[in-house]
Amino acid sequence: MRKLLPSALACLLLASACGTSSGEGDGNRTLNVFAAASLSEAFGALEKRFEAQHEGVDVRLNLAGSSQLASQINEGAPADVFASANEKNMDKVVDAGGVDGRPETFATNELTIAVAPGNPKGIEGFADLAREDLTVVVCAAQVPCGSATEEVEQATGVTLAPASEEQDVKAVLNKVRLGEADAGLVYVTDVTSAGDKVESVEFPESEQAVNDYPIAALSAAGEPELAKQFRDLVLGEAGREELARVGFGTP
């Protein structure tokens with residue numbers, strides 16, 4: 001009986017495809033999408049749509065503050081697509097030569113005040129957030145929702161003294177949901193996605209700090225064609241539909 005060579009025997013025992021790597025011959029591919037935390041719900045839905053249209057493709061969402069995501073990309077983290085909650089953090093990646101083509105704005109968002117259902121503290125507007133009897137949380141300054149908060153403070157002359165500054169908008173929302181804060185500055189879309197777990201107190205000064213959301217395929221993308229297709233999905237009719245569903249505005 002002829003003996004198998006060690007390499008051939010290993011292939012049989014491990015049932016691995018010699019000469020075929022994962023992500024090539026077997027059709028299994030991964031698309032890494034780095035997206036602002038405020039896009040969780042909309043991009044979660046688009047993830048499912050994209051996977052349904054692309055057999056064997058696994059879309060992996062990395063959801064966090066845009067400043068953190070930009071830093072990860074510039075430090076070499078494997079990423080195919082970047083969707084930022086503001087232009088400033090997208091520009092960091094552009095300036096580092098990390099973008100394929102030019103970023104395109106796909107949505108807008110505004111701040112609102114998240115409070116407990118029924119608004120038990122009687123918060124009526126942005127100026128109320130400076131009250132000493134309130135525990136208020138905001139995003140850190142380097143995060144887009146934190147930068148927007150600073151813009152509103154400058155426009156209104158109202159200076160806040162937050163109990164904490166969080167690294168992404170979902171962390172702010174969770175503190176309000178858990179009763180750890182009386183109020184938090186989040187996006188309109190975050191309150192919409194939270195359903196009846198929080199309530200929104202809108203304030204006209206939010207128009208002073210509207211965030212534009214840009215998206216781009218990345219120059220170091222491991223799946224450049226898929227990256228462009230996902231970008232196009234977000235920019236297209238399906239993307240507009242899912243974004244509008246949770247309250248995003250159109251650019």
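Two residues are in contact when they have heavy atoms within 4.5 Å of each other.

**Figure 1. The whole protein chain.** The model shown is predicted, so local features need pLDDT of at least 70 and side-chain atom pairs count only at pLDDT 80 or more, whereas totals for chains, interfaces and linings use all residues. Residues are numbered from 1 along each chain as its sequence is written, and side-chain values use heavy atoms, with hydrogens and water left out. Among contacts between residues at least 6 apart in sequence, 77% join residues at least 24 apart. The protein chain has nine helices and ten strands; these are DSSP runs numbered from the N terminus, with helices (H or I) of at least four residues and strands (E) of at least two. Of the 251 residues, 46% are buried (under 20% relative accessible area, with exposed over 50% and partly exposed in between; 1.4 Å probe, protein chains only).

Figure 2. Strands pair if DSSP finds at least two bridges between them. Eight bridges join β1 to β2 (residues 57–64), and the two run parallel. In this pairing, Arg-29 is opposite Val-57 of β2. Strand β3 (residues 81–83) is also parallel to β1, with three bridges between them. Here Ala-35 is opposite Ala-83 of β3.

**Figure 3. Helix α2 between two strands.** Helix α2 (residues 40–53) forms a right-handed β-α-β unit with β1 and β2. Right-handed means that, with the strands pointing away from the viewer, the path from the first strand over the helix to the second runs clockwise.

**Figure 4. Helix α2 against helix α9.** The axes of α2 and α9 (residues 237–245) come within 9 Å and cross at roughly 145°. Axes are lines fitted to C-alpha atoms, for helices over the stretch in contact, and angles run from 0 to 180 degrees between N-to-C directions. From α2, Ala-42, Ala-45, Leu-46 and Arg-49 meet residues of α9 including Ala-238, Glu-241 and Leu-243. The residues of this contact are five nonpolar, one polar and four charged. Ala, Val, Leu, Ile, Met, Phe, Trp, Tyr, Cys and Pro count as nonpolar, Asp, Glu, Lys and Arg as charged, and the others, Gly among them, as polar.

**Figure 5. The surroundings of Val-176.** Val-176 lies in helix α6 (residues 169–177). Val-176 is buried, with a relative accessible area of 4%. Leaving out residues up to four places away in sequence, Val-176 touches Ala-114, Val-115, Ala-116, Ala-181, Ala-183, Gly-184 and Val-198.
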